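Open the model in your viewer and keep the selection panel handy.

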Amino acid sequence: MTAQTAHAAPSTTATATAGHGTRRKVLWGAQILLAAFLLIGSGLPKLVGQADAVETFDLIGWGQWFRYVTGAIEVTGAIALVIPRLAGLAATGLIGLMAGAVLTQILVIEPAWSALPAAFAIVFATIAYDRRAETRELLHSLKR
């Protein structure tokens, strides 16, 4: 092994580690922004009965109980997104919520608005993938 080859391996590892750190920081920013939106802009308005949330769930036709369930899932997901050990699991669950939102937008409300929850689902999938080791560890700890 030459000195040049020996030098290349640590540099590659350092670059990969730095890339992972940068990606994790970007995802943390996304997690915080999405958590704030889910908590303040979406979940709490549903739970307190904001007029447009009530109207939307009347339009969906499943009853106001579904508004409470959806709001509770959003608030819980928002909180869990900013807890490192729970972030991957929260993101995974929120993908399901966003899939339901996409279908609801397409089938009941306004198809053009389905792009927003679809974009959120992509970000949640990225977060879930990045946090897969923590999620795996969490799930294994629950088995014990």
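A contact here means heavy atoms within 4.5 Å. This is a predicted model, in which local features need pLDDT of at least 70 and side-chain atom pairs count only at pLDDT 80 or more, while totals for chains, interfaces and linings use all residues. Residues are numbered from 1 along each chain as its sequence is written, and side-chain values use heavy atoms, with hydrogens and water left out.

Start by colouring by pLDDT, the predictor's confidence in each residue from 0 to 100. The chain averages 90, with 87% of its residues at 70 or more. Over residues 1-14, however, the pLDDT is below 50.

Next, select Leu38. Leaving aside neighbours within four places in sequence, its contacts include Glu74, Ala78, Leu81, Met98 and Phe124.

Move on to Phe57, Trp62, Trp65 and Phe66, which form one aromatic cluster; rings of Phe, Tyr and Trp (its six-membered ring) pair if their centres lie within 6.5 Å, and planes under 30 degrees apart count as stacked, over 60 as edge-to-face and the rest as tilted. Trp62 and Phe66 make a tilted pair, 4.8 Å centre to centre with 50 degrees between the planes. Trp62 is exposed at 52% relative accessible area, whereas Phe66 is partly exposed at 21%.

Note on methods: Buried means under 20% relative accessible area, exposed over 50%, partly exposed in between (1.4 Å probe, protein chains only).
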